[in-house]
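Morning, everyone. Let me put one model on the screen and walk you through its side chains.

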Amino acid sequence: MRIGELAARAGTTTRTLRYYEARGLLPARRDDKGHRTYDEGHLRLLRQIRTLQDFGFDLEETRPFLECLRAGHPEGDSCPASLLVYRRKLDELDTLIGQLTQVRRTVAGELERAERARDALAAESLVPGGPEPGCELGGLTR
């Protein structure tokens, strides 16, 4: 198939395919007129790239999976190099999850503190001669 058909079937653009070719991820054959030609194997490579990128892998991290497919393995993640990339990605995700968990705790603590301050201000504003609220205190729902 030609580059336009491959791009359409893969749900991408011809520009993206040329970029992948330039990066060495999608080798193209040339016909006698110099046009790029592709087959179903190329479509499998593109689907592997897309799947991994959907999971958050960067383009370079897809390389071992593609090499595994090109080596004839039925799945791109059955080679040792692919498994190593999976492990590194899991470590990266675990680190990010830990960081996000800490940020969430901090934001939740700030919310609790702010709600207590709001409630205290609302209670003080009900006392005769108490401070005037500087913001609207209606609807004390959380």
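Ground rules. This is a predicted model, so local features need pLDDT of at least 70 and side-chain atom pairs pLDDT 80 or more, while totals for chains, interfaces and linings use all residues. Residues are numbered from 1 along each chain as its sequence is written, and side-chain values use heavy atoms, without hydrogens and water.

The core. A nonpolar core here is a set of buried Ala, Val, Leu, Ile, Met, Phe, Trp, Tyr and Cys residues joined through side-chain atoms within 4.5 Å. Buried means under 20% relative accessible area, exposed over 50%, and partly exposed in between, with a 1.4 Å probe and protein chains only. The largest such core has 16 residues. Those touching the most other members are L6, L17, Y20, L25, L26, L46 and I49. Four helices each give at least two residues to this core: α1 (3-10), α2 (14-22), α3 (40-54) and α4 (63-70). Helices are DSSP runs of H or I, at least four residues, numbered from the N terminus.

Look at Y20. Contact means heavy atoms within 4.5 Å. Beyond its neighbours within four places in sequence, Y20 contacts L25, L26, L46, I49, Q53 and L59.

Now the rings. How many aromatic pairs does the structure hold? Four. Rings of Phe, Tyr and Trp (its six-membered ring) pair if their centres lie within 6.5 Å; planes under 30 degrees apart are stacked, over 60 edge-to-face, the rest tilted. Take F57 and Y86. Their ring centres are 6.1 Å apart and their planes at 75°, so this pair is edge-to-face. F57 is in the loop between α3 and α4, and Y86 is in helix α5 (residues 80-126), so the pair ties together parts 29 residues apart in sequence. F57 is buried, at 7% relative accessibility. Y86 is partly exposed, at 27%.

Y86 has another partner. F65 and Y86 are also an edge-to-face pair, 5.1 Å centre to centre with 65° between the planes. F65 lies in helix α4 and Y86 in helix α5, so this pair links parts 21 residues apart in sequence. F65 is buried, at 0% relative accessibility. Together, F57, F65 and Y86 form one aromatic cluster.

Next, K89. Its charged end sits over the ring of F57, 5.1 Å from the ring centre. The criterion is NZ of Lys or CZ of Arg within 6 Å of the centre and within 35 degrees of the ring normal. K89 also meets E61: a polar contact of 3.2 Å joins their side chains. A polar contact is a pair of N or O atoms within 3.5 Å; within protein, one must be able to donate a hydrogen and the other to accept it, and residues adjacent in sequence count only if both atoms are side-chain atoms. E61 is in the loop between α3 and α4. Is E61 buried or exposed? Buried, at 16%.

There is one disulfide, meaning cysteine sulfur atoms within 2.5 Å. C68 and C79 form it, with 2.1 Å between the sulfurs. The link is right-handed, with 80° about the S-S bond. Both cysteines are buried.

Last, I3, in helix α1. I3 is buried, at 14%.
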